[in-house]
Amino acid sequence: MASILNELETNDFHKNGFVIVKNFFNKKETQLLQNASTQDPTIREHLYDRKDSEGLSTKMMAWNHPDDSIYGVTARSEKIVDTMEGLLGGEVYHYHSKITAKEPFEGGAWEWHQDYGYWYNNGCLFPLMATVMIALDKCTKENGCLQVLSGSNNLGRIDHALLESGQVGVDLKRVDEAKKQLELVYCEMDPGDVLFFHCNTLHRSDKNNSPNRRWTLLCCYNAARNDPFIDHHHPKYTPLNKLKNEEIIKAGNKFLDVNDVDTFLKRPTAPPELSKTGGKLFNN
Ligand SMILES: O=C(O)CCC(=O)C(=O)O
């Protein structure tokens, strides 16, 4: 199948660094994806805390290779992979997937960053990488939906540093300047909607200030022609076995494979090469 995006939406992605697709998943698919997020014991066991600068934690879990669970099948579904291939201009492979879980009133913030701020350090030479964020819950301004700076994908990679909290963040002076020219967009979504965003798109999210949880599944891809030149904690080029979209519903009740536990990344994704700045972002 071809990309789910039409020419206008594809152009939007390249111009703005993101595109939201409403109802990307149908009702049944969405319900199954949501069920897995509440019922899969492997997810509960492997979520770890990721602190923000206020000490609040967002829960997170990540894994490298897609399995036969509903989440692995979704990450390999034609509608996602073909769309990624359309956006990145050729074959892609699965770089990793993750769940980011903000519990009601507790879920913390994510600081401004570009994903390529991390992935550059993994030996990915070109920013030929992107993520699809899948809304498992309603994502609103109040519960900490993703925020993006529209057009920031065209800024190139900005310097990042490791923050005291363990997150990796970007030079805020740059963000302040960029904000004078670029629109800040709150990517509010309903369950089953998705957001495709480029690895150089600046993004962040607020803490969850609401009684509603905000869980999302993010699947990240690298172009096959951008095979990382460093061995690191995410895979080098690994051919991806694409699946028909119908397989998502068939995999409905299959949870993440506990025996595949080695592939779960328990450590924060901050690369060791980045030095701590004592909690200050570039003396801002
Ligand atoms: O879940 C969120 O709000 C942000 C996630 C994020 O920025 C990331 O995974 O890079």
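Student: Which residue of β4 does Met61 stand opposite?

Tutor: Bear in mind that this is a predicted model. Strands β3 and β4 pair in the antiparallel sense over five bridges. Within that pairing, the residue of β4 that stands opposite Met61 is Ile99.

Student: On the side of β2, which residue stands opposite Ser57 of β3?

Tutor: Strand β2, residues 48-51, pairs with β3 in the antiparallel sense over four bridges. The hairpin of these two strands has five residues between them, and Gly55 takes a positive phi near 90 degrees there. The residue that stands opposite Ser57 is Lys51.

Student: How many residues of strand β3 are buried?

Tutor: In a regular strand the side chains alternate between the two faces of the sheet. In β3, one side carries Ser57, Lys59, Met61 and Trp63, the other carries Thr58, Met60 and Ala62, and all of them are buried. Strand β3, residues 57-63, is therefore mostly covered, because a residue counts as buried when 20 or more other C-beta atoms lie within 10 Å of its own. The number of buried residues is seven of seven.

Student: Is Phe105, with its positive phi, buried, exposed or partly exposed?

Tutor: Most residues other than glycine have a negative phi. Phe105, however, has a positive phi of about 60 degrees, and Phe105 is found in the loop between β4 (92-102) and β5 (110-113). Because Phe105 has 14 C-beta neighbours inside 10 Å, its class is partly exposed.

Student: Where is Asn23, and what value is its phi near?

Tutor: Asn23 lies in the loop between β1 (18-21) and α2 (27-39). With 13 C-beta neighbours inside 10 Å, Asn23 counts as partly exposed. Its phi is positive although Asn23 is a residue other than glycine, and the value is near 50 degrees.

Student: Which element gives the most residues to the largest nonpolar core?

Tutor: The largest nonpolar core has 65 residues, of which Met129, Ala130, Leu195, Phe196 and Tyr221 touch the most other members. Leaving aside neighbours within four places in sequence, Leu195 is in contact with residues including Phe18, Ile20 and Met133. The element that gives the most to this core, with seven residues, is β13.

Student: Which elements give two or more residues to the shell around the ligand?

Tutor: The ligand is surrounded by Thr100, Trp110, Asp115, Leu146, His203, Ser205, Thr216 and Leu218. By class, this shell has three nonpolar, four polar and one charged residues. The elements that give two or more of its residues are β12 (203-205) and β13 (214-223).

Terms used:
Residues numbered from 1 in each chain as written. Predicted model: local features only at pLDDT ≥ 70, side-chain atom pairs only at ≥ 80, totals over all residues. Near = placed C-beta within 6 Å. Nonpolar A, V, L, I, M, F, W, Y, C, P; charged D, E, K, R; others polar. Buried ≥ 20, exposed ≤ 12 C-beta atoms within 10 Å, placed from the backbone. Core = buried A, V, L, I, M, F, W, Y, C linked by C-beta atoms within 7 Å. Contact = placed C-beta atoms within 7 Å. Pairing = 2+ DSSP bridges.
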